[in-house]
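Please look through the sequence and the model below before reading on. The paragraphs that follow walk through the loops, the charged side chains and a few contacts.

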Amino acid sequence: MSTSTTTHTLLRAEGFSCPSCVSKIEKRVGRLKGVEKVEVHFASARIEVDHDPDVTSVDDIVAAIAKAGYTARPSAF
């Protein structure tokens, strides 16, 4: 039995200019270990990530988004 806990993290992104940004970010974040699901909402510039915080931290996700060329920060909603 796995004892890992999955956390749902919500981020707000800046710099979205085109729908292709979405797949770039989903690919980049989706490659991180511990990430189960990535959903990027182009219209609202929200990024939802289900991940194991013991394996991949929110900072790791923000860094991966930065590598894709976008600024993101954790959001409460």
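**A walk through the predicted model**

Ala-45 lies in the loop between strand 2 and strand 3, where helices (H or I, at least four residues) and strands (E, at least two) are DSSP runs numbered from the N terminus. The model is a predicted one, in which local features need pLDDT of at least 70 and side-chain atom pairs count only at pLDDT 80 or more, while totals for chains, interfaces and linings use all residues. Residues are numbered from 1 along each chain as its sequence is written, and side-chain values use heavy atoms, with hydrogens and water left out.

What is the phi of Ala-45, which is not a glycine? Its phi is positive, at about 55°. As background, most residues other than glycine have a negative phi. Ala-45 is also buried, because its relative accessible area is 18%, and buried means under 20% relative accessible area, with exposed meaning over 50% and partly exposed in between (1.4 Å probe, protein chains only).

The loop between helix 1 and strand 2 holds Gly-34, which is partly exposed because its relative accessible area is 26%. Although Gly-34 and Val-55 are 21 residues apart in sequence, their C-alpha atoms are 5.3 Å apart in space. Once neighbours within four places in sequence are left aside, Gly-34 is in contact (heavy atoms within 4.5 Å) with Asp-50, His-51, Asp-52, Val-55 and Thr-56.

Thr-56, one of those partners of Gly-34, sits in the loop between strand 3 (46-51) and helix 2. Is Thr-56 buried or exposed? Thr-56 counts as buried, because its relative accessibility is 3%. With neighbours within four places in sequence again set aside, the contacts of Thr-56 are Leu-32, Lys-33, Gly-34, Val-35, His-51 and Ile-61. The C-alpha atoms of Thr-56 and Val-29, which are 27 residues apart along the chain, are separated by 10 Å.

We turn next to the charged side chains. How many salt bridges does a search of the whole structure find? The search finds three, a salt bridge being a side-chain nitrogen of Lys or Arg within 4 Å of a carboxyl oxygen of Asp or Glu. In one of them the side chains of Glu-14 and Arg-73 meet, with an N to O distance of 2.4 Å. This pair links distant parts of the chain, since Glu-14 belongs to strand 1 (residues 7-14) and Arg-73 to strand 4 (residues 71-74), 59 residues apart. Glu-14 is partly exposed because its relative accessible area is 41%, and Arg-73 is likewise partly exposed because its relative accessible area is 44%.

Another salt bridge joins Glu-39 to Lys-37, with the closest N and O atoms 3.5 Å apart. Glu-39 has a relative accessible area of 32% and is therefore partly exposed, while Lys-37, at 42% relative accessibility, also counts as partly exposed. In the salt bridge between Glu-48 and Arg-46 the closest N and O atoms are 3.4 Å apart. Here Glu-48 is buried, because its relative accessible area is 16%, whereas Arg-46 is partly exposed, with a relative accessible area of 25%.

Which residues gather in a patch of positive charge on the surface? They are Lys-27, Arg-28, Arg-31 and Lys-67. Patches are made of residues with over 30% relative accessible area and no salt bridge, like charges being joined within 9 Å and nonpolar side chains (Val, Leu, Ile, Met, Phe, Trp, Tyr) within 5 Å. Within this patch, Arg-31 is found in the loop between helix 1 (20-30) and strand 2 (35-41), and Arg-31 is exposed because its relative accessible area is 61%.

Two further residues complete the walk. Thr-71 is found in strand 4 and counts as partly exposed, because its relative accessibility is 41%. Apart from neighbours within four places in sequence, Thr-71 is in contact with Arg-12, Ala-13 and Glu-14. Val-62 has its place in helix 2 (residues 58-67) and touches Leu-11, Ala-72 and Pro-74, not counting residues up to four places away in sequence. From C-alpha to C-alpha, Val-62 and Val-38 are 13 Å apart in space and 24 residues apart in sequence.

Terms used. Areas by Shrake-Rupley, 256 points an atom, 1.4 Å probe, with all protein chains shown as cover. Lys, Arg positive; Asp, Glu negative; His and termini not counted. Charge placed at Lys NZ, Arg CZ, Asp CG, Glu CD.
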